[in-house]
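Visitor: I have a structure open on my screen and would like to learn how to read it. Could you walk me through it, feature by feature?

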Amino acid sequence: MKSDELFALLRRRGVLWPSAEIYGGAQGLYDYGPLGAALKRRVEEAWVAWFPGLSHDYYVIEPAEILPEAVVRASGHLENFTDPEITCEQCHASFRAETVLEKVRPEGVDGLSPTQIAEIVSARQVRCPNCGSAALSVPRSFNLMFGMDFGVTGKERAYLRPETAQGSYLSFARMWDVGRRALPLGIAVVGKAYRNEIAPRQLLFRMRAFTQAELQIFFDPATFPVPFDSVRDERLPVLRVARRSAGEESPELVSAGDLAASGGLPEFYVFHLVHSFRFFRDVLRYPADRIRLFEKSDAERAFYNRIQFDIEVRLESLGGFKELGAVHYRGDYDLRRHSEGSGRDLSVTLSAGTKVLPHVLELTFGVDRNVWALADVHLVKDGERTIWRLPPYLAPVPVGVFPLMAKEHAAYALRLSDDLESQGISNRYDEAGAIGRRYARMDEVGTPFCITVDGRTLEEGPDRDTVTLRDRDTRSQERLRVTDLVARLRPALVAPRPRRA
RNA sequence: GCGGGCAUAGUGUAGUCUGGUUAUCACAUAGGCUUGCCAAGCCUAUAACCCGGGUUCAAAUCCCGGUGCCCGCACCA
């Protein structure tokens, strides 16, 4: 489905719509409706079960969304989260200052003010890379963070967090004591991050307020033991830098063992890459042949990342592979910067007596992007019917309960709906229209199971208190006792989780 | 940010060029009749010209500004 059509469907069904619509909308902001909010919540729950579920020493916290200026100065966001831009007055093309100046100033423009950049442009007679004109504008400096006054004096500055990870770094010292004073230690955050994007576009793929799920694993660089044998034979669809520079865009299947042995990647990194891949393939159920692990080159990744693979999924609506998650080996950059910035030594003493500044492995996941991808991948047309083949444990409404005939079976069906709800089976009751139309409605919102109360349910005899259970994907029906429903449904509604190391 | 295109019920649309009756049609939604396990049929109802200004006797239609969406460029620590 193209993105327009998909978005129209999601709007109509109450999954998602533009924010502040009655005022004409606000760029880069979207609201989730009932179905979208429920779906997003289930995706977050599945993520928490899977990633923080990898170890007893991984914790989920909820840090503040507002960062004092000192924090973003230390993290580098204040100076680096900006893009000095130069615009050509002649042809109206615009470029990063760094690009325009790369010949006359190969060391880059970090730390230069817009005025200094303008002076270099005029002194060196730099011309537009596009049309050759000398009519280049003074660069604007634009910080991608939302800043605000903080406190009553208005003198203090603070910023909405541009990524959730900072909260984990800030909490590390406290968590070292709350946890077992051992490495590895994992700190996960699921929450909003904010970026004042220049050109928000492609719906949920570049928003100004978006939800990230990130696990920061702090570890001793000398040793990060992982049960590597449990993943050694997994074959991963990787697209490495060497293969990319040969012009290839399709991934090749390489075993985890080979990636570590001859591929030059540490075992702990490959281990977590496998678990990330499995989450996308086995939990979100994106088809394996639509997933690729895209290695970022030195030039492409942030300077502090030592290894970076983006997890990409091919989306029909957006016409190509899109980044939905990533695995970053960030080294000791974060704790070192915050040690320097705060004056507090964040290195720790291990039980063996050695003192180390932990390194960070970051597993990051874009929640909103995956909500969109789950629609793109699993929402399919079958003739006249539209079916959202979501994994059952992600379905916003997992169960529908219908009376075959409203007049005769409604009372029983309503009671059944209530009973299921109180036993933790979330469901929707519907008696409007023909039964086939109700099934179709539920197919479209991804409900995997529909229960129908009919004449046999109410009759005396062997079928008393039995109902039909209809499957969304096969459309097959089975007849079973009402008392067996919960045991039958519950296992399908629990997201998978890995075995703990 | 730049350039181009577009904006009509919940959704998709006709009408705009060439200003003029009660703004077209389909689907969806709600109610009724009928039917009773996969979007059936009939009747009825709800519901729209993105926002602001201008031109005109008269604006969905022409002009200006804004907002939003799409495409390309640029950007995405």
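**Reading the chain, from surface to salt bridges**

Guide: Happy to. Chain A has an accessible surface of about 23,700 Å², and 48% of that belongs to carbon and sulfur atoms. Accessible areas come from the Shrake-Rupley method with a 1.4 Å probe, and for residues only the protein chains shown count as cover. Before we go on, please note that this is a predicted model, in which local features need pLDDT of at least 70, side-chain atom pairs count only at pLDDT 80 or more, and totals for chains, interfaces and linings use all residues. Residues are numbered from 1 along each chain as its sequence is written, chains are lettered from A and ligands numbered from 1 in the order in which they are written, and side-chain values use heavy atoms, with hydrogens and water left out.

Visitor: What share of the residues of chain A count as buried?

Guide: Buried means under 20% relative accessible area, exposed over 50%, and partly exposed in between (1.4 Å probe, protein chains only). In chain A, 52% of the 501 residues count as buried.

Visitor: How many helices and strands does chain A have?

Guide: Helices (H or I, at least four residues) and strands (E, at least two) are DSSP runs, numbered from the N terminus. Chain A has 17 helices and 25 strands. Its C-alpha trace spans about 95 × 65 × 60 Å along the principal axes.

Visitor: Into which domains is chain A divided?

Guide: Domain bounds come from an automatic or database domain assignment. Here they give domain 1 (3-65 + 161-379), domain 2 (82-142) and domain 3 (388-493). The centres of domain 1 and domain 3, taken over C-alpha atoms, are separated by 36 Å. To the contact between them (contact means heavy atoms within 4.5 Å), domain 1 gives 19 residues and domain 3 gives 15 residues.

Visitor: Now the charges. How many positive and negative side chains does chain A have?

Guide: Lys and Arg count as positive and Asp and Glu as negative, while His and the chain ends are not counted. The place of a charge is taken as NZ of Lys, CZ of Arg, CG of Asp or CD of Glu. Chain A carries 67 positive and 69 negative side chains, and the centres of the two sets lie 1 Å apart.

Visitor: And how many salt bridges are found?

Guide: Side chains of opposite charge can pair when their charged atoms come close. A salt bridge is a side-chain nitrogen of Lys or Arg within 4 Å of a carboxyl oxygen of Asp or Glu. The whole structure holds 34 salt bridges.

Visitor: Why does the salt bridge of Glu-295 and Arg-240 tie together parts that are apart in sequence?

Guide: Their side chains meet at 3.2 Å, N to O. Glu-295 lies in strand β13 (residues 291-295) and Arg-240 in the loop between β11 (235-239) and α9 (241-245), so the pair links parts that are 55 residues apart in sequence. Glu-295 is buried at 11% relative accessibility, and Arg-240 is buried at 18%.
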